[in-house]
Amino acid sequence: MGHERLIVFWIAHLALLSLFGLEILILAWIWLGARVPGLPRDASRLRKLAVIIGRMLKGIFSRGIITFIVALVLDGMVHRRLFRTDKLRWFAHSTVFWSFLILGVLSTITGVAVEFFNPIPANRLSPIGIPLQNPIIDMLVDMDNPVTAILNEGFGLIMLIGLFFVLWRRYGKRDTQLRTKGPDTTLLVLLAIVVLGGYVVEAFRFLAEGVPANEAIFGPIGYLLSLILGLLPLSREVWEVVHFVFFFAHFLTVSLLLFAMPFSKFFHTVMSPLVVALNAVEEKGGAA
Amino acid sequence: MSEEAKRDQGTKLSIGHFTGRQTLEMLGCTRCGECIKWCPTYAEAERDEITPLDKITTMRSFLLGQYTGPLGRLFGHRKPDDASLARYATGTYDCTLCGRCHVVCPVQIRTRELWIAMREQLVELNRHPELMNRLRETVNASHNISGDPNERRTGWSANLAQVPASLDRQKGAEVVYYLGCVAAFYPMVYSIPQAFVQIMERVGVRWTTLGGEEWCCGFPLTIAGMGADADELARHNVAAVRELGAKTVVMACPSCYHTWKHEYPHIVGDLGFQVVHASEFLRDLVTAGRIKLGAYPDPITYHDPCDLGRTSGIYDAPREIIQAIPGIQFTEMKDSREYSLCCGGGGDVEMADAALSQAVGKRRILQAQDTGAKTIVTACQQCKRTLLGTARREKVRIKTIDVSELVLEAMGS
């Protein structure tokens, strides 16, 4: 990708990240308006923040932290209660949740690795003393590395399967307990666009960069798409432009999801594990 | 004041009614709708505003709409207006506060506390049902929910073969029996205090009541969203017990029990005496061998009162008493323990929507009937009153008794 294009990407990325940050700040400001047990209702936000930080530190260094972590993992992330209630719902939710989380982490690491450690200066150490030239960073920087490619495509596929079940429950089976409104549909459509768009972007990258078949094959869906799209009589330069446009659109969709997160239902992905863990600690009578 | 400002005054929410935890819980709701499947009032009325999910998403949207301006509007959040607040208020008060939604919530949102905080908010905005104002006036003026002169709290004892000498404020009693407004003023359930004091007399417990100095515990006001008015009641009741020097306060009403045990310490600090529910008290007497139980003829089932089970965590004490009856035929209902169905008498719904309360009760009576039981045993005077009324209305031939009545009957003469 050209230097100018990357500048456009980073400006847009930072602007959207700032918006996300602003939303989080607004939510924090609202949250600090709420009552803190043990403090007068009209206590200042600053005072509340100080007390909350104090209680958090106390909680971290108490036995309650074990309960917190166990509940966070088992109830907040593995969703064992949902597993006991309904295996299909658990499967649909877990596949979407974990794939989104893992793909998000992978993309972020790859993005950072590509921007800051590529090319990697020889003999340079990371802040924690690990040589930057190591197989893991090499693998993450290289999107055609078999492991990176399989992880990206595999989790994308798992997410699509999960999304299929989510959509089926909501629009096919129409579970009576569900209340589907416009924002629910919008979020699901955005998620589907992100995953499907990822495959298209990958196909365009194969065409733009002329990735050889023996490497591209580790991203089989993208590779298959590139074979079909490659039938179009377009030059490599054109594919480069097309790739950038689609990459940018893909990135904008992800950013839109991020932007929508704090003020929408989507925020439960962050908040519900926290709530379930905090409530578990309180139930056990520990500091929370 | 401009028209817009005037309108805003009646719809402006204060996030200070909610704790930080409750705010996080509203943000953490996954909107999975599991609560809808289990909501007893929604099952009968099928109005979406009743559902826990709707209440949470509506309040979250109100708050985001109010505090985030155009950015919030972009996501469809609107600050409340008259119509949306009226809908929300109806849903919030058409809830029995049974707490079943908490049990099934994958995020374990503490819904009952949240609904009470929402009601407090509505009271501040003067959007609560008018009947709640009357309840407040009655309790403040008469110190009970019925509006009868409070001195008549021991009226139920008139039908006893012999009125116990220690009935009214006997100093030196080890146990204070706190009746609660329902047992004291509703003849339909007079049999509960009558049974309970007869047991204490026969076992030799030194007991008394607060007589006319017993005030409403404050629970009906707290759950109406008028908790601030309950503080004075709490202080008075605790002082009255302290004056008698009793070591234990026992009550057959789970709502009174919960209030004394879990709310009063927040208001008055350490009580200085223990608070036990009648079922625990009787169970201990049975376990200690002070009560000998004989047979009970009918097959029975047990109804878990919401405030005893889900709210206070007492499921086993009443069952241990039942199981101690030789040869008892006991069958659990389809929904029992933490999944127990509400009798319809909770959450002040009876005042807000009597028909809805009755519909919820009917479902429970039918569940009891399905077990083949001839007697429903419960451990709550309000549940007994509601179930008894429902059974009569529905012409279901099933007897409803409190656990203390069961014990007295099994003790024989």
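Which residue forms a salt bridge with Arg169(B)? In this predicted model, the partner is Asp168(B), and the closest N and O atoms of the pair are 2.8 Å apart. Arg169(B) is partly exposed, because its relative accessibility is 37%. Asp168(B) counts as partly exposed as well, at 37% relative accessibility.

The structure holds 34 salt bridges over all chains. One of them joins Asp184(A) to Arg170(A), with an N to O distance of 4.0 Å. This pair links distant parts of the chain. Asp184(A) lies in helix H8 (residues 182-209) of chain A, Arg170(A) lies in helix H7 (residues 146-173) of chain A, and 14 residues separate them. Asp184(A) is buried, at 3% relative accessibility. Arg170(A) is also buried, at 9%.

Another salt bridge belongs to chain B. Here the side chains of Glu409(B) and Lys399(B) meet at 3.7 Å, N to O. Glu409(B) sits in helix H20 (residues 403-411) of chain B and Lys399(B) in strand S7 (residues 399-402) of chain B, so the bridge ties together parts that are ten residues apart in sequence. Glu409(B) is partly exposed, with a relative accessible area of 40%. Lys399(B) is partly exposed too, with 36%. Shared partners also build a network of salt bridges, which joins Arg170(A), Asp184(A), Lys265(A) and Arg31(B).

Chain A has twelve helices and zero strands. Its C-alpha trace spans about 70 × 55 × 30 Å along the principal axes. Of the 288 residues of chain A, 39% count as buried. Among contacts in chain A with a separation of 6 or more, 61% come from residues 24 or more positions apart.

Ala71(A) is buried, with a relative accessible area of 4%. Leaving out residues up to four places away in sequence, Ala71(A) touches Gly76(A), Val276(A), Ala277(A) and Ala280(A). Phe248(A) is 177 residues from Ala71(A) in sequence, and the two C-alpha atoms are 38 Å apart in space.

Phe248(A) is part of an aromatic cluster with Phe9(A), Trp10(A), Phe244(A), Phe247(A) and Phe251(A). Over all chains, the count of aromatic pairs comes to 22. The rings of Phe9(A) and Trp10(A) form an edge-to-face pair, because their planes stand at 80°, with the centres 5.3 Å apart. Phe9(A) is buried, at 12% relative accessibility. Trp10(A) is partly exposed, at 25%.

Trp260(B) and Tyr264(B) also form an aromatic pair, and this one is tilted. The centres lie 4.8 Å apart, with 45° between the planes. The two residues are four residues apart in helix H14 (residues 254-268) of chain B, so about one helical turn separates them. Trp260(B) is buried, with a relative accessible area of 0%. Tyr264(B) is buried, with 1%.

Chain B also holds a buried arginine. Arg153(B) has its place in the loop between helix H9 (130-142) and strand S1 (175-178) of chain B. Its relative accessibility is 1%, so Arg153(B) counts as buried. A polar atom of the Arg153(B) side chain lies 2.7 Å from the backbone oxygen of Glu214(B). Beyond residues up to four places away in sequence, the contacts of Arg153(B) include His143(B), Asn144(B), Phe185(B), Trp215(B) and Cys216(B).

The two chains meet through 35 residues from chain A and 41 residues from chain B. Together they bury about 3,600 Å², 58% of it on carbon and sulfur atoms. Gln177(A), Arg179(A) and Phe263(A) supply 19% of the area that chain A buries against chain B, more than any other three residues.

Six salt bridges cross this interface. In one of them, Arg110(B) meets Glu283(A) at 3.5 Å, N to O. Polar contacts link 19 residue pairs across the interface of chain A and chain B. On chain A, helices H1 (3-31), H4 (80-85), H11 (236-260) and H12 (268-283) each supply at least two residues of the side that touches chain B. H12(A) gives the most to that side, with ten residues. The residues of the side of chain A that touches chain B divide into 18 nonpolar, six polar and eleven charged.

Terms used. Residues are numbered from 1 along each chain as its sequence is written. Chains are lettered from A and ligands numbered from 1 in the order in which they are written. Side-chain values use heavy atoms; hydrogens and water are left out. Contact means heavy atoms within 4.5 Å. Buried area is the accessible area (1.4 Å probe) that two parts lose on being put together, summed over both. A polar contact is a pair of N or O atoms within 3.5 Å; within protein, one must be able to donate a hydrogen and the other to accept it, and residues adjacent in sequence count only if both atoms are side-chain atoms. Ala, Val, Leu, Ile, Met, Phe, Trp, Tyr, Cys and Pro count as nonpolar, Asp, Glu, Lys and Arg as charged, and the others, Gly among them, as polar. Rings of Phe, Tyr and Trp (its six-membered ring) pair if their centres lie within 6.5 Å; planes under 30 degrees apart count as stacked, over 60 as edge-to-face and the rest as tilted. Buried means under 20% relative accessible area, exposed over 50%, partly exposed in between (1.4 Å probe, protein chains only).
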